[in-house]
Amino acid sequence: MRIVIAGGHGQIALRLERLLAARGNEVAGIIRKAEQGDDLREAGAEPVLLDLESASVEEVAAHLQGADAAVFAAGAGPGSGAARKDTVDKGAAVLFADAAVRAGVRRHVVVSSMGADANHRGDDIFDVYQRAKGEADDHVRALDALDWTILRPGALTNDAGTGLVRLEARTGRGPVTRDDVAAVVAELLETPATAGLTLELVGGSTPVSVAVKAVAGN
């Protein structure tokens, strides 16, 4: 498959790029800074220089042409203010999904956040983030032209992945390693029967491939 990843230099994205490339896929990662390109090449991915905060739908769609799947793994990141939660966590996610529709790329996986909810209340930065992610998820789920899967991981850690997870519509809160999130996304991309599902993910006791097959109904 050819897979295009938004937020290509993110911690989950770099892990995912290595996994997908090792499986023989052609991977491209969208980045904002040219100096990030070497990290993507080292991971086996082709760097695509494009700013999702200022690009048009047509510009993004041009980079999605010919892809078999798209993954949104971008984020404003810790330390960013409310404005960038809106322009990246919501705006870029909406733009990327609309561009996938324009380019005819049906398979679409979004790395969201546990607790994402367009109706989330509160004025703290994390509240703004949860609303932005929730609004973006709602937009993606309303697009009939996409075979989308929304993945909502719990608290992310940099511990070594275990390959053991809990993946369900509702898991309850808990930690999960970035390694295991990337492994689940890679498996979701190879499991089209997970389209139309919004899933929560935490560490658990079920091997990744088994967990993904279970939610797919296989």
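**Ground rules.** I am working with a predicted model, where local features need pLDDT of at least 70, side-chain atom pairs count only at pLDDT 80 or more, and totals for chains, interfaces and linings use all residues. Residues are numbered from 1 along each chain as its sequence is written, and side-chain values use heavy atoms, with hydrogens and water left out.

**Val109.** I looked up Val109 and found it in strand 5 (residues 107-111); strands are DSSP runs of E, at least two residues, and helices are runs of H or I, at least four, both numbered from the N terminus. Val109 counts as buried because its relative accessibility is 0% (buried is under 20% relative accessible area, exposed over 50%, partly exposed in between, with a 1.4 Å probe and protein chains only). Leaving aside neighbours within four places in sequence, I see Val109 in contact with Ala70, Val71, Phe72, Thr149, Val185, Leu188 and Leu189; contact means heavy atoms within 4.5 Å.

**Phe72 again.** Next I checked the rings, and the structure holds 2 aromatic pairs. One of them joins Phe72 and Phe96, tilted, at 6.1 Å centre to centre and 50° between the planes (Phe, Tyr and Trp rings, the six-membered one for Trp, pair if their centres lie within 6.5 Å; under 30 degrees is stacked, over 60 edge-to-face, the rest tilted). Phe72 lies in strand 4 (residues 69-72) and Phe96 in helix 4 (residues 82-103), so the pair ties together parts 24 residues apart in sequence. I noted that both Phe72 and Phe96 are buried.
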